[in-house]
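I set out to record what the coordinates of this protein show, from the whole chain down to single residues. The entries follow in the order in which I looked things up.

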Amino acid sequence: MSKPHSLVTAAPLSTQMIYCGLLPNFETWQKAKKQDRLSCKRLSKGDAEHKELAAVYSRCRKSDRCGSCKKCLKRARQSLIPQAAWHLLRLLKKRQREAKEKGAAMPKLWAVSAADARQAVPRDSLSVAAVTTKTETLSKAIERSVLKYAVVFGGVDFSLNFLRPTGSDPVWQPHYYLLIVTPSDTIVHSVLDKHFSPAVGTRSVPVRIDEVDPKDLPTCVSYCLKAEFTRRESYKGRNGRIQTAKNSLKANERDELAVFLHKLGIGNRLLLRGLKITKGKVTRTALCPQHTLVKKAKIVTWSVQDGRPGLFDTTG
């Protein structure tokens with residue numbers, strides 16, 4: 001493997017990924033600060049909850065982080081995304097070596113996208129209890145299934161849906177995105193399908209599973225803890241079929257979601273199994289007594305080969 005670029009080697013791992021083009025469109029500090037200023041200005045003109053959140057944003061300092069503003073979210077993403085990607089890729093390679101030695105089915109990394117129509121709620125009706133309960137239910141379902149020894153890194157996303165029938169009221173739809181290492185997607189379907197249902201009168205598939213290319217892993221991990229949210233609007237295409245477009249949330253919609261996410265907290269947006277986060281560091285946890293964990297992590301760099309991003313180069 002070629003020697004990593006000197007600028008990349010000296011930078012934090014998240015910066016290495018951005019430099020290599022593996023995390024395109026990653027938010028900048030300037031953008032995060034600008035969004036926080038605009039949010040504070042809007043929220044300070046709203047009701048009591050909005051004004052309280054504006055005060056929280058304005059008090060955020062290096063010595064006393066609020067954990068909710070865009071700057072805090074960027075800091076969390078910049079720390080967690082590269083660490084989680086490294087752990088998942090390292091685990092995938094380890095499981096594949098073990099499977100090859102035993103002649104077993106080769107494990108793969110799967111991206112699971114799932115939405116339960118029963119969780120859709122009208123505006124101003126998002127509930128922290130409903131989201132955390134669903135997350136705990138999914139975690140327990142995985143723990144009690146054939147996936148109990150699978151490492152999972154995932155999170156919950158939110159979109160404001162303006163879907164057919166035309167004229168129907170918009171609804172907030174929680175949406176789960178999970179990364180799982182397991183030999184077959186059929187196993188994942190057998191465990192998760194029963195926990196998600198499609199919208200009434202639609203043919204949408206509530207659980208979609210795709211294999212992840214390791215080079216796309218940082219982007220997939222970043223999707224588990226999103227910084228931007230969208231509104232999904234349906235329209236009739238030229239072929240007469242209903243199409244869906246993704247657009248940015250409007251200012252009042254962003255403020256409503258910001259208040260809810262402040263109550264929910266960054267930690268409750270994540271679903272972890274076999275991984276834990278302690279003081280901003282992602283580490284492995286044993287899922288069964290037989291699992292042995294590496295006490296000391298190796299030195300990690302992100303390399304570039306022939307002008308193209310390479311995989312993790314672990315040394316030490």
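**Entry 1: the whole chain.** I found that 42% of the 316 residues of the protein chain count as buried, buried meaning under 20% relative accessible area, exposed over 50% and partly exposed in between (1.4 Å probe, protein chains only). I note that this is a predicted model, in which local features need pLDDT of at least 70 and side-chain atom pairs count only at pLDDT 80 or more, while totals for chains, interfaces and linings use all residues. Residues are numbered from 1 along each chain as its sequence is written, and side-chain values use heavy atoms, with hydrogens and water left out.

I listed 9 helices and 12 strands in the protein chain; these are DSSP runs numbered from the N terminus, helices being H or I of at least four residues and strands E of at least two. Taking contact as heavy atoms within 4.5 Å, I looked at contacts between residues at least 6 apart in sequence, and 72% of them join residues at least 24 apart.

**Entry 2: helix H5.** I checked the length of H5, residues 70-102. The expected span is 1.5 Å times one less than the number of residues. Gly103 follows H5 and has a positive phi, near 70°.

**Entry 3: strand E3 and its partners.** I recorded that 10 of the 11 residues of E3 (residues 152-162) are buried. I then looked up its pairing, for which DSSP must find at least two bridges between two strands.

- E4 pairs with E3 in the antiparallel sense over 10 bridges, and Ser159 stands opposite Gln173 in E4.
- E8 (residues 270-273) is also antiparallel to E3, over 4 bridges; Phe153 has Leu272 of E8 as its bridge partner.
- E6 (residues 230-236) runs parallel to E3, joined by 4 bridges; Asn161 has Arg232 of E6 as its bridge partner.

**Entry 4: Val181.** Beyond its neighbours within four places in sequence, I found Val181 in contact with residues including Leu91, Leu92, Arg95 and Ala150. Leu109 is also a contact of Val181; the two are 72 residues apart along the chain, yet their C-alpha atoms are separated by 4.5 Å.

**Entry 5: Asp124.** I noted a positive phi of about 65° at Asp124, although it is not a glycine. Asp124 is found in the loop between strand E2 (121-122) and helix H6 (128-143), and it counts as exposed because its relative accessibility is 67%.
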